[in-house]
Amino acid sequence: MSTLFKLFISLFICISLTGCWSSEELTEITLATGLAIDKDDEDGFKVTIQVVNPTEIAGDQISNRSSVVIYSATGKTIFEAIRKLTKASPRRVHLSHLQVVIFGEEFAREGIGETIDYLVRDHGFRTDFHMVIAKDTTGEELISVITPLEKIPAQRITASIQSSQNFWAPTKEVQLYELFESMTSTGKEAVMTGVYMVGDPEIGKTVQNVTQSDPPVKTRLNSIGIFNGDKLIGWLSEKESKGFNYITNNINNTVGWVECEDGGKISLETTNSDTKLKGSFVNGHPKITVETNITVNVGEISCSIDLSIPESIKEIEKKLEQKTVDLINSSVNAAKEFNSDIFGFGSVLRKSQPKQWEKIKGNWPEHFQQTEIKANVTIEINQSGSITTPIYDDVMEKTGSGG
Amino acid sequence: MAMKHRIRKKNNTKRIEIDNISSHFDVNLSNELEANKKEVFRLLGNSSDVETRAFQLGKIHPVNAAIIFLEGLIDKEIVQNYLLNPIINDLRGTNANEKIPDVQQLYQYIKNFNITTAELTEISNFKTLLQHLLAGDTILLIDGVNKGFAVGARGAKERGVEEPTTQRVVRGPKDAFTETISVNIALIRKRIKDPNLWLESFVYGTKTQTKVTIAYIHGIVNPGVVEEVKSRLDKMDIDAILESGYVEELIQDETYTPFPTMINSERPDAISAGLLEGKVAILVDGTPFVLLVPALFLDFFQSNEDYYQRSDISSLIRALRFIAFFLALLTPSTYIALTTFHQEMIPTTLLISLAAQREGIPFPAVVEALLMEVTFEILREAGIRLPSAVGSAISIVGALVLGQAAVDAGIVSATMVIVVSLTAISSFIFPSYNLAISVRMLRFPFMIMAATFGLFGIFIGLLILTLHLSSLRSFGIPYMSPFAPFISNDQKDAVFRAPRWKLRTRPRLINQRNTIREDSQRPMPDKKG
């Protein structure tokens, strides 16, 4: 009895003295979905957060208030700036549901290293957010744009990066740990997708932006930005970005086309792409072989071609192979121009030829320029779609005979 | 001083009183009928339901005789046809003394030739006389003999065998135990026609004189458990047993546990299945709920219907019960922990939706949850006690007023209503009401733990719960077996139920001697051609 009583008392004290330590009711916090980091001329950093207004998004009565609110603050360090946000925000900002971190282009060109340290170190983050660069603008302006369809603009950016990566391919999802790893390891450089905006930023901040079917201010995905260390040094074109994704085995599904003999075009949908990188040394010079196996489906034909003849299939495959090799080469050339090994060729060499890699490791940027890259692309056409002969043929036949 | 007084009163005063009366009962019957009758009436306080009928044996030199019985407890038809009719008619018109010169011989004659009932006991003292009389026997006393007969012609109003009201099944026998122990025993005997089904009866309760019978299958049961049950029953010292719950509380292993360590069931098939596994049944007169020991944690998840349906279906349903156990136990606490401590664990869209609902709710999540849970417990309890005529009123009040209106009024969030409903529904899935009550109780400490320590608190709670469960024993058998200790051979009928032909052995720990149940083979169609 007395033991039980003592146990009860000690348990009771334990529970009541700790109280609800570190508990936060949902009504006491506010969720940040986007974080933009820019350069501030006076203080160093300018941090802008986008927090959601839950009742506007999921409440019973939706008014026409904005579904997100923007707060910004400046500070000598990122952490300081983020804490300063509490001066503006009525509730404590919860960063665990961050969807996207946007770096202003100007800021990114000066180096993002310090911010990455904070993002990795702080335990309040869930590390699955996307990281993008606001091309030709500041992160603050980009994050302030109110977008249609997705009520949370930050979610719009992540959703479009994902769908664009999955179905079109010139962009790349970059999450914190990947960025952190490629920024710090030798033999690989970081990349990040760029986002730019069209239209007047001031209109973008208002709800009017979403009252039209064609919003005056839009955010668009750009292609991939190249880093050297923690500094942004340039942009790949869309074609080069696609080549980059072929090399890094990051293609889920994309569309390409080849020209027919008579000038029409055949669109081909890549359904599967598998790339293997092999590193070797030839006469002391590093060599990388890019082995790519691609499966495609025929998506659209606007010329006269008979797919039932194996030779014509072969021909299309050949053409697409050549195009893909060109794509890869253009991407490699662009990277060599910026002298940034975004493909991770260095780490391929380190894994396959560790001893020789040790010798050239210190001088890798120089050697990267001299690396021979050989692309072997194998294309296989899998399906021709619901019809075999092109409708183009039938139309030609009809107009030919009728006219 | 006051304390001392109380203890003395408890231990001595009452006991002396009882002893006086029972020693008084031990007096033997006298030779005189009138004196005996008077004494019986006096001992029963001239109660109004004690009735007597005096008559004479023989005509010329009649011998006085009388029957004494309790109104309502006897079957008058039997008493008239098989007791009074033979005695009075046989000796009518004769000189009783002439035909049978001695009263002692008359007594023997009546016993051997006149009374035609199956149950007949000779009684010689008031103690046994009263025992029989109060049990519903008819007492026959003859003047000049210091003995009498207790004729078993009981006919108290009994409820017939009806459908079980608590443990319903879709497929399976529809009979249930009744309040009469003899009927209950018969219901078991009807199922197990084995000479090894042994029964032992005892009478407990100084006032109620309740018959308690233990049943087991000799050769399957662990004799140690039978001995343990008997010795624990023997230690009972109680004045009244009105339900098997009295016995359960006095002989269970552990009082301070939320978990039941004895099974109770009103289904004869469930009890029979238990006996066949090597368990001991304890039947108590006056209640349809029969106890079964030893009980394992697992037993409360098993319904007897699991064995009537096909094994795949049963396995799924049983797995569902385990899921429901955790849902019923942890849903409100997990909700509290996640929304107040671990917001990062909730998917963003869900969290935004939750936040939108919580906007404007005046209480913290834990208060909201406690409020709703307590309200629901009140509703549920009210639903059980209410007369059935107003039962629908409760559901209207519960569903509309408390559910919808509370959300509309902004007192609780809609999600909380879903959480409470889910918890409530999950706790109804258990075949045993016992375990459902345990879960109902444990939910609240878990909610408090979650509110103070978050998920960490829930895990501490689960840890304590696991330790506690593993420390429990039911009549010497570890409560968590076959999980702790792990018995691989018994897993066939644990979380899942294997097909019938695989259930060849009885649970290892309950039954240590005769473990092979049957020698059946997997059914295989004959291969022809």
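Predicted model: local features only at pLDDT ≥ 70, side-chain atom pairs only at ≥ 80, totals over all residues.
Asp136(A) is not a glycine, and yet its phi is positive, at about 60 degrees. Asp136(A) counts as partly exposed because it has 13 C-beta neighbours inside 10 Å, where buried stands for 20 or more other C-beta atoms within 10 Å, exposed for 12 or fewer, and partly exposed for what lies in between, with C-beta atoms placed from the backbone.

Residues are numbered from 1 along each chain as its sequence is written, and chains are lettered from A and ligands numbered from 1 in the order in which they are written.

Chain B also has a residue with a positive phi that is not a glycine, namely Phe475(B), at about 50 degrees. Phe475(B) sits in the loop between strand 11 (473-474) and strand 12 of chain B, and Phe475(B) is classed as buried because 22 other C-beta atoms lie within 10 Å. In the segment after strand 12 (477-478) of chain B we come to Pro482(B), which is joined to Ser481(B) by a cis peptide bond with omega about 10 degrees. The peptide bond from Val293(B) to Pro294(B) is cis as well, with omega near -10 degrees, and Pro294(B) belongs to the loop between strand 10 (290-293) and helix 11 of chain B.

What does Ile37(A) touch, leaving aside its neighbours within four places in sequence? Its contacts, defined by C-beta atoms, placed from the backbone, that lie within 7 Å, include Phe45(A), Val47(A), Ile78(A), Phe103(A) and Gly139(A).

Chain A is divided into domain 1 (26-235) and domain 2 (239-403), with bounds that come from an automatic or database domain assignment. The centres of the two domains, taken over C-alpha atoms, are 33 Å apart, and each domain brings 21 residues to the contact. On the side of domain 1 that touches domain 2, strand 8 of chain A gives the most, with 5 residues.

Between the chains, the contact takes 20 residues from chain B and 22 from chain A. On the side of chain B that touches chain A, helix 12 of chain B supplies the largest share, 8 residues.

Finally, the unreviewed UniProt entry lists four stretches of chain B under "transmembrane region", 319-341, 386-405, 411-430 and 442-465, in the numbering used here, with feature names shortened and annotations that may be inferred rather than shown by experiment. In the model, residues 411-430 of chain B are 70% helix and 0% strand, with end C-alpha atoms 31 Å apart, whereas residues 442-465 of chain B are 96% helix and 0% strand, with end C-alpha atoms 9 Å apart.

Note on methods
Contact = placed C-beta atoms within 7 Å. Helix = DSSP H or I, 4+ residues; strand = E, 2+ residues; numbered from the N terminus.
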